[in-house]
Amino acid sequence: MARYSQNSISEVSRRNNLVDVVSSYVKLKRNGNSYIGLCPFHKEKTPSFHVSEDKQLYHCFGCGAGGNLFDFVMKMENLDFVDALKFLAQRAGVVLEEEKGSYRPNQDENDLKQRIYEMNLAAAKHFVRNLADKNAETVQRYIKKRALNHDTITKLGLGYAKNEWNDLCNFLSEQGYTEQEMVAGGLAVKNEKGHIYDKFRNRLMFPIINVRGSVIAFGGRALGDDPAKYMNSPETPVFHKGSHVYNLNIAKQYGQKEGLILVEGYMDVASLFQHGIPNAVAGLGTAFTPDQAVLLRRYGSRVYVCYDSDAPGQNAAMKAVDILTAAGNQVKVVQFSGSKDPDEYILKKGSESFRDCLNQAVGSVEFKILKLRSECDLTSVDGKIAFVTGVSHILSELDSQIEREAYVKRIAAETDISLEAIMAEINKWIYSKGRKEAQKEIFSEKNLHFTSPAAERASQVQTNATYKAERMLLNIIFFQRKAFELAREELSSELFCGEDNRKIYEAMMAYKIENPEADASGFLSNIDSSLKEEAAAILYQEYECDSIQAAKDMIKKLKGELMHSKIIQLSKEGKIEEVNVLVQKYTERRG
């Protein structure tokens with residue numbers, strides 16, 4: 001895979017305004033010279049996410065996330081730089097130019113990913129052809145039994161993996177794909193003798209397509225007596241189960257207006273889709289993950305959890321609710337009776353009845369209380385105690401005192417236990433949680449170890465004036481040419497007590513020497529990823545001051561700090577003569 005030219009990258013950056021891109025994910029409001037909104041990367045109620053149109057940077061003052069146009073898309077869409085570049089190029093209508101003969105780090109890995117994407121698409125088309133084959137009677141009987149129509153099958157791209165050992169392998173080999181690529185892509189399995197065979201056999205195939213429309217994996221529903229009812233692709237260079245959900249490529253266009261419906265299985269999604277409910281998505285055969293919760297938050301105004309009605313399904317729903325809530329999703333839980341899953345329910349009672357269930361969905365707290373009530377015998381004293389204890393724990397997690405009090409009044413009436421007793425139990429949970437958090441902080445502080453003068457100073461710089469002065473100085477150096485020239489003459493990296501500040505300074509000076517007219521966004525594209533958010537936070541700030549004089553004052557301050565630190569260290573080591581020399585220099589400089 002060739003490297004894309006810098007001209008192409010610059011054109012993509014020029015043609016995509018960061019404010020416009022961010023606005024497609026986050027509702028922004030102008031605030032002075034910048035825009036603000038709720039951060040898409042952490043849960044918050046008060047906006048702390050800022051976007052600068054002038055600098056083409058974003059920074060969250062809550063969680064610290066920050067960067068440029070490419071960083072935002074990479075994080076929101078879970079892409080590497082190359083895929084983010086392609087995504088933005090397509091958005092702006094830019095044709096990317098490749099640099100011939102250039103070397104790209106991880107070139108082999110990128111080449112493999114591209115081959116797997118292409119191979120998956122070829123496999124999906126092959127499965128579709130198999131399904132239409134007049135001899136595919138087994139799968140066609142199953143489809144008829146599940147009442148799936150042609151439109152649903154076509155739009156979801158369903159197919160058939162034949163009940164043969166090498167049907168797909170032979171086809172892909174004819175298309176020029178190697179055995180190594182088939183195994184790496186999860187479409188083939190290699191046995192102990194080194195022979196490969198099809199991963200999926202005699203299964204109804206569901207292509208798993210990401211939000212950009214690429215086939216990244218497959219799920220297969222067994223049509224015979226296979227003990228593995230459902231089988232998913234293994235982890236591959238383009239597929240990580242915990243980072244994707246099924247059908248989001250279609251559901252995303254309805255998510256902001258109607259919300260997303262989280263179900264357990266592919267057939268649930270297919271049945272809902274067929275009945276005019278296209279905004280359903282499903283997990284991929286494993287426990288729901290925080291990454292999946294963050295993904296849904298990007299595309300849905302709320303998430304309706306609609307898991308199977310049996311005990312395992314409801315227990316899984318409880319876990320999913322907690323994960324979704326922690327990621328900042330607005331969560332509702334759909335409840336239904338008389339059917340084991342959404343697929344069976346909608347086939348029995350139709351789409352209107354299912355929509356009624358959606359309208360009657362309960363909030364996450366209500367769901368937890370209802371589930372707990374179903375597990376406790378409220379006619380017995382022990383049952384009441386267990387119920388109130390569990391409810392108190394649930395209510396202790398609420399931020400709203402009003403909401404908590406409303407539930408307490410209802411629980412008191414249901415159980416005939418006093419308001420005061422229930423509130424006392426809730427406060428006990430709150431106190432216990434607060435004490436644990438405090439102990440965590442104390443423990444982490446006790447485990448900080450510093451061995452050098454620079455490290456000793458660094459342990460205090462997070463809140464003191466020196467640390468703030470360093471960050472202000474870095475900002476001025478980058479944006480003010482005269483301050484940059486002053487830094488080249490007067491400043492060295494050893495003067496910075498903060499290690500990140502020191503590294504950012506070194507990267508900044510090296511970059512600015514080579515690119516004197518470069519902007520902040522360009523610099524962030526070239527700095528080490530571990531420093532990117534800190535650098536974005538530094539460069540995002542605006543300072544109103546005499547920049548040259550401020551730079552001089554701060555450089556003088558840093559030199560004094562370093563001198564003072566060296567004097568303290570030499571004193572500890574008993575090097576009195578060296579101390580006297582430094583003290584004299586320090587006194588002369590201050591004078």
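Which residue in β13 is the bridge partner of G220? It's M231, and that pair is a handy way into this predicted model, where local features need pLDDT of at least 70, side-chain atom pairs count only at pLDDT 80 or more, and totals for chains, interfaces and linings use all residues. Residues are numbered from 1 along each chain as its sequence is written, and side-chain values use heavy atoms, with hydrogens and water left out.

Strand β12 (residues 215-222) runs antiparallel to β13, and three bridges join them. Strands here are DSSP runs of E, at least two residues long, and helices are runs of H or I, at least four, numbered from the N terminus. Two strands pair if DSSP finds at least two bridges between them. Zoom out and you'll see an open sheet of four strands in the order β8-β11-β12-β13, with antiparallel pairing. β8 (159-161) and β13 (230-232) stand at the edges with a single partner strand each, so one side of each has no neighbour in the sheet. On average, neighbouring strands of this sheet are turned by 35° against each other, direction ignored; the axes behind that angle are lines fitted to C-alpha atoms.

Now look at N120, in helix α5. N120 counts as buried because its relative accessibility is 0%; buried means under 20% relative accessible area and exposed means over 50%, with partly exposed in between (1.4 Å probe, protein chains only). Beyond its neighbours within four places in sequence, N120 is in contact (heavy atoms within 4.5 Å) with G185, L187, V215, I216, A217, F218 and V238.

Next, the second largest pocket, with about 970 Å³ of space. A pocket is an open set of points on a 1 Å grid over the protein atoms alone, where a 1.4 Å probe fits, with protein on both sides within 12 Å along at least five of seven lines; lining residues have an atom within 4 Å of a point. Of the 32 lining residues, Q6, I9, F81, S525 and N526 are the closest to its centre. Helix α1 gives the most to this lining, with five residues.

Most residues other than glycine have a negative phi. N202, in the loop between β10 (196-198) and β11 (203-209), has a positive phi of about 55°. D416, in the loop between α17 (401-415) and α18 (419-446), has a phi near 60°. Are these two buried or exposed? N202 is buried, at 15% relative accessible area, whereas D416 counts as exposed, at 70%.

Technical notes. Axes are lines fitted to C-alpha atoms, for helices over the stretch in contact, and angles run from 0 to 180 degrees between N-to-C directions. Grid points are joined across faces, edges and corners, and a volume is the space filled by probe spheres set on the points.
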